[in-house]
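Open the model in your viewer and keep the selection tool ready. The stops below go from one selection to the next.

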There are 2 protein chains.
Amino acid sequence: MISFGKFIKTEREKKGWSQTELGALIKVNTPLLSRIENDKKTLAFDKVKLLADTFEMDYQQVKDLYFADKTAKAAYKYKCSENVFTVAEKQFEYIKAANSIQGKLKF
Amino acid sequence: MISFGKFIKTEREKKGWSQTELGALIKVNTPLLSRIENDKKTLAFDKVKLLADTFEMDYQQVKDLYFADKTAKAAYKYKCSENVFTVAEKQFEYIKAANSIQGKLKF
DNA sequence: TCAATTTTGCCCTAAAAGGATAAAATAAAT
DNA sequence: ATTTATTTTATCCTTTTAGGGCAAAATTGA
């Protein structure tokens, strides 16, 4: 498993693109893309769809990777235990269930 | 499984405290605590330790709940799939392993 | 050694997070 | 039925951070 930054770098190189080239496609300038690939900045969420399309990959999957990365980094930074993920998943299911009961569109 | 807001409300009522009373203990004013309990605002992270102490609960556990809640809400909001949590956990383990190799303190 | 590419150092702006006060709404108690 | 206590809502304000930008330095490699 690699970080989202390294994921971008890997896929970019597979395509044989420079940072500037990929940057033009996903609307991110070169210095910023460099930082993103090195996990010093994060890609803005609204660029993720564009990125998935550019890489010809499934949006849902790329999006999941994007958030997984953010979650993992926060969990590490704040010294969470491993079961934070299990708890999160349960909470997630709970919210989904609660909101699928017509009309309740909280959170 | 309940939200972090409802968790606070539940524990507060167990102790028989008003929002103002608990608020004084954890340094949060009443209107803000109301919003927090109703999941309209989030508790600042630096108050979590104080909250755990006040409730006489394990900090690690409360902290995990705090981040689980944030994660779950983001995952729901951005329509992630359920396996975002599994991916996140793998990523988490990867980061931990990478950083346990002396000196590497990235992320 | 020149040219392309990547990285770093700053700086700027817009958005969001966290917090505060006053006032309205609800609930409880007398 | 009115007070009184409690909770919620309406705004507003300040500080932080995310995301982005330019210029220059560093690295890679032809």
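## Stop 1: DNA strand D

Select DNA strand D: of its atoms within 4 Å of the protein, 51% belong to sugar or phosphate and the rest to bases. This is a predicted model, in which local features need pLDDT of at least 70 and side-chain atom pairs count only at pLDDT 80 or more, while totals for chains, interfaces and linings use all residues. Residues are numbered from 1 along each chain as its sequence is written, chains are lettered from A in the order in which they are written, and side-chain values use heavy atoms, without hydrogens and water.

Next, select the 17 residues around DNA strand D (a heavy atom within 4 Å of the strand). They divide into 4 nonpolar, 7 polar and 6 charged. H3(B) gives the largest share, 4 residues.

Now show these side chains:

- A:Thr42 has an N or O atom 2.3 Å from a phosphate oxygen of DNA strand D.
- B:Ser34 has a polar atom 3.1 Å from a phosphate oxygen of DNA strand D.
- A:Arg35 has a polar atom 3.5 Å from a base oxygen of DNA strand D.

## Stop 2: the cavity

The lining residues divide into 4 nonpolar, 2 polar and 5 charged. H5(A) gives the most, with 4 residues.

Methods: Polar contact = N/O pair within 3.5 Å; in protein donor to acceptor, adjacent residues only side chain to side chain. Helix = DSSP H or I, 4+ residues; strand = E, 2+ residues; numbered from the N terminus. Nonpolar A, V, L, I, M, F, W, Y, C, P; charged D, E, K, R; others polar.
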